[in-house]
Amino acid sequence: MSIRAPPRLLELAGQSLLRDQGLAVSAMEELPRVLYLPLFMEAFSRRHFEALTVMVQAWPFTRLPLGSLMKTLHLETLKALLEGLHMVLTQKDRPRRWKLQVLDLRDVDENFWAVRPGAWALSCSPEATSMRQTAEDCPRMGEHQPLKVFIDICLKEIPQDECLRYLFRWVYQRRGLVHLCCSKLVNYLTPIKYLRKSLKIIHLDSIQELEIRNMSWPRLIRKLRCYLKEMKNLRKLVFSRCHHYTSDNDLEGRLVAKFGSVFLRLEHLQSLKIKLVTFFSGHLEQLIRCLQNPLENLELTCGYLLEEDVKCLSQYPSLGYLKHLNLSYVPLFRLSLERLGALLEKVAATLETLILEGCQIHYSQLSAILPSLSRCSQLTTFYFGRNFMSVDALKDLLRHTSGLSKLSLETYPAPDESLNSLVRVDWEVFTLLRAELMRTLREVRQPRRIFIGPTPCPSCGSSPSEELELHLCC
């Protein structure tokens, strides 16, 4: 029979204090640092809003990582805390104990709160607190520095989330006293005005990841270009399902040139992902040549590229250090792939992920990329499913992967010989051919996780992914 440990004196003191909120409020200014975190957590969990309002006015640490305490924002809790911050920010002489520089509403830094009661004194020490801070999160010490509020934003619904609206309004009314910083911004909303309203409030140089979905290219370029140019610390840029509705090639060229000028400002950009790349067909060079920083990740998917687009990929230094290249579902069957082979040759020492799934590549094109593919010594992931390959072509491809010792996840299509007149898999034939392909592969190296066949798998319904172990269930 286990005996429950009695509550510690610190816990009892905190609970007693919160039972009398009037006493708690009056005691905050003199409250020992060792009690601050456990008492705040107790007040937070029991929603003692008056205590929270007062505690935040005497917060003795430089950071308040609130987001890890509440996975989703609670409006009343947020109001109580922001009311306390307002009282401090508008004072000429701020409380002597108040050290707060960063209010972090992101779901990060759980270790700030996850401490044993006996370790509170240690965890609240200036040394321990400073170890949790980053140079980015903590501005230089100085009187009346603007308070930084960090949050990751996902715009999905109209009207926007109640808490987000309240926070935006609170920040807007305190311009100069508060900087709203957003390291990751995702927009699903088609009306562009909601995204623009958000960008007017956010400090644009704080945005490191921007993802925009479901928007027309011409409108995006015209309305958002001025904001994109100010995102000087942007590292990852994603455009997904952004359509265009013009057949005027000259107009497209001018819009792409305007869009490319944005990249002249983005000195830290490392990842560029564009899904539905049709808008850039024939104009990709205008975009690529404006890249200032070597890209680590390039994804151009679900659209069309012309011969001159593929040609330019190997010509610019910004693509010479790629770690991840994704051209999935870009039809390449009509193009010569020598230029793609030249790009693979160029990045052979750095490339870790290559996705050519659903590109409709035929065996006659494969020879253009096999020599350079075989030199990609750092390759760990290779997706080549949904292409048109005979069993002999697949054997040739597998033999060219003999030197890829780091390859840990790979996918290949069912060979053409296993498909019937309706382009469906004849499982009896496929089983024999797959065993033959595996024997060929094991002659040159031992695979780790491999998928050969149609996707998703008709037997189990799954598709190959990083989570799958060796997958040969078909």
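**Notebook: contacts and helix packing in a predicted model**

I began with Glu211, which touches Leu185, Val186, Asn187 and Val238, leaving aside residues up to four places away in sequence; contact here means heavy atoms within 4.5 Å. The model is predicted: local features need pLDDT of at least 70, side-chain atom pairs count only at pLDDT 80 or more, and totals for chains, interfaces and linings use all residues. Residues are numbered from 1 along each chain as its sequence is written, and side-chain values use heavy atoms, with hydrogens and water left out.

**Entry 1: Glu211, continued.** I located Glu211 in strand 7 (residues 209-213). Helices (H or I, at least four residues) and strands (E, at least two) are DSSP runs, numbered from the N terminus. I recorded Glu211 as buried, because its relative accessible area is 17% and buried means under 20%, exposed over 50% and partly exposed in between (1.4 Å probe, protein chains only).

**Entry 2: the chain as a whole.** I noted 18 helices and 15 strands in the protein chain. Of its 474 residues, 51% are buried. Among contacts between residues at least 6 apart in sequence, 80% join residues at least 24 apart.

**Entry 3: helix 9 against helix 10.** I looked up the packing of helix 9 (residues 192-201) on helix 10 and found an angle of about 5°, with the axes 10 Å apart. Helix 9 is therefore roughly parallel to helix 10; angles under 35 degrees count as roughly parallel, over 145 as roughly antiparallel, 65 to 115 as roughly perpendicular and the rest as oblique. Axes are lines fitted to C-alpha atoms, for helices over the stretch in contact, and angles run from 0 to 180 degrees between N-to-C directions. Helix 9 contributes Ile192, Leu195, Arg196, Leu199 and Lys200 to the contact, and helix 10 contributes Arg219, Leu220, Lys223, Leu224 and Tyr227. I classed these residues as 6 nonpolar, no polar and 4 charged. Ala, Val, Leu, Ile, Met, Phe, Trp, Tyr, Cys and Pro count as nonpolar, Asp, Glu, Lys and Arg as charged, and the others, Gly among them, as polar.

**Entry 4: helix 10 against helix 11.** I then turned to helix 10 (residues 217-228) and helix 11 (residues 249-263), which pack at about 25° with axes 10 Å apart. Helix 10 is thus roughly parallel to helix 11. On the helix 10 side I listed Trp217, Pro218, Leu220, Ile221, Arg222, Arg225 and Leu228, which meet Leu251, Leu255, Lys258, Phe259, Ser261 and Val262 of helix 11. The residues of this contact divide into 9 nonpolar, 1 polar and 3 charged.

**Entry 5: Thr350.** I found Thr350 in the loop between helix 14 (338-346) and strand 12 (353-355). Thr350 is partly exposed, at 22% relative accessible area. Beyond residues up to four places away in sequence, Thr350 touches Gly320, Tyr321, Leu322, Lys323 and Gln378. Thr350 and Gly320 are 30 residues apart in sequence, and their C-alpha atoms are 8.7 Å apart. I also noted that a polar atom of the Thr350 side chain lies 2.7 Å from the backbone oxygen of Leu322.

**Entry 6: Leu397.** I placed Leu397 in helix 17 (residues 391-399). Leu397 counts as buried, because its relative accessibility is 0%. Leaving aside residues up to four places away in sequence, I listed its contacts as Leu366, Leu370, Leu373, Phe382, Phe384 and Tyr412.

Note on methods
A polar contact is a pair of N or O atoms within 3.5 Å; within protein, one must be able to donate a hydrogen and the other to accept it, and residues adjacent in sequence count only if both atoms are side-chain atoms.
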